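Work through the exercises below with the model open. Try each task before reading its solution.

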Amino acid sequence: MLLKDKVALITGAASGIGKEIAMEYAKQGAKIVIADMALEAASATAKEIEQAGGTAMAVAMNVTDEAQVDQGVADAVAAYGSVDVLISNAGIQIISPIVDLSLDNWKKLIAIHLDGAFLTTRACMRAMIASGKGGSVIYMGSVHSHEASPLKAPYVAAKHGLVGLAKVVAKEGAKNNIRANVICPGFVRTPLVDKQIPEQAKELGISEADVIKNVMLKETVDGEFTTVQDVAQTAIFLAAFATNALTGQSITVSHGWHMQ
Ligand code: NAD
């Protein structure tokens, strides 16, 4: 058990990548806090973990809401004693050319990805410092933390921004034994990706099959999607890593789409 008795707060863990990380962390002995604005689905995930013999709770958390973030982290500390791992993972996608993108949609995406990362980082860093144990902060970046694609301006900007935030957390957190790193997955078949396949097909005037083959997987070495399991295993590796030697980094899991 690589994460025995660690407390992991995972945002957006009611679905997709975050949910898989929650399930795999629980198998490694971590106590899991499912922090998601979709409370019913978050509670169902927590129940699934408990039924499989793990320990988990759900908290209602819109990551853009300062009071909800602070309350959710306080509830986690009250229940489990500390927060040792933060996975800042909640996210959305908006497909649009810049010239058609509304300011509201720009702000909405930036708020979830960057305000959310900041607010959860601040609350969890405070808890990690208070516990005296430090901890590991992991951001869910993307290949789009390093590469650009058309139709994704706010997403690419936000995912690049997370790399900068992680580097600052690495520098400020070191004295309290807090590490920060970014996982950068390629395309993973989750609801977030399933929704954008028809949207991209429409914007680009191509078929959905072409979106998958010639847009999403074209630059991979083998034409394969990255899986939620690939990302969860990377998240276990980062959280279990014992020292500050691995901090301020981004690790790409993308079937070679992006090579650093
Ligand atoms: P998903 O749609 O399956 O899950 C996203 C979760 O985030 C949902 O449970 C949703 O309720 C929650 N969420 C959305 N807005 C929220 C908010 N304001 N506050 C709290 N929770 C909120 O998506 P996914 O594919 O699992 O994506 C998870 C993360 O991984 C995102 O940050 C995404 O950008 C990133 N990512 C995904 C892919 C991919 O191909 N799927 C690739 C690289 C990075």
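This is a predicted model: local features need pLDDT of at least 70, side-chain atom pairs count only at pLDDT 80 or more; totals for chains, interfaces and linings use all residues.

Residues are numbered from 1 along each chain as its sequence is written, and side-chain values use heavy atoms, with hydrogens and water left out.

**Exercise 1.** Work out how the axes of H6 and H7 cross.

Step 1. Find helix H6 at residues 191-204 and helix H7 at residues 208-216. Helices here are DSSP runs (H or I, at least four residues).

Step 2. Take the axes, which are lines fitted to C-alpha atoms over the stretch in contact, with angles from 0 to 180 degrees between N-to-C directions. The H6 and H7 axes come within 9 Å and cross at roughly 95°.

Step 3. Classify the angle. H6 is roughly perpendicular to H7 (65 to 115 degrees).

Step 4. List the contact (heavy atoms within 4.5 Å). H6 contributes residues including Val 193, Ile 197 and Leu 204, and H7 residues including Val 211 and Met 216.

**Exercise 2.** Locate the salt bridge of Glu 48 and describe its setting.

Step 1. Apply the criterion: a side-chain nitrogen of Lys or Arg within 4 Å of a carboxyl oxygen of Asp or Glu. The partner is Lys 19, with the closest N and O atoms 3.1 Å apart.

Step 2. Glu 48 sits in helix H2 and Lys 19 in helix H1, 29 residues apart.

Step 3. Check accessibility (buried under 20% relative accessible area, exposed over 50%, partly exposed in between; 1.4 Å probe, protein chains only). Glu 48 is partly exposed at 35%. Lys 19 is partly exposed at 24%.

Definitions and conventions
Helices (H or I, at least four residues) and strands (E, at least two) are DSSP runs, numbered from the N terminus. Angles under 35 degrees count as roughly parallel, over 145 as roughly antiparallel, 65 to 115 as roughly perpendicular and the rest as oblique.
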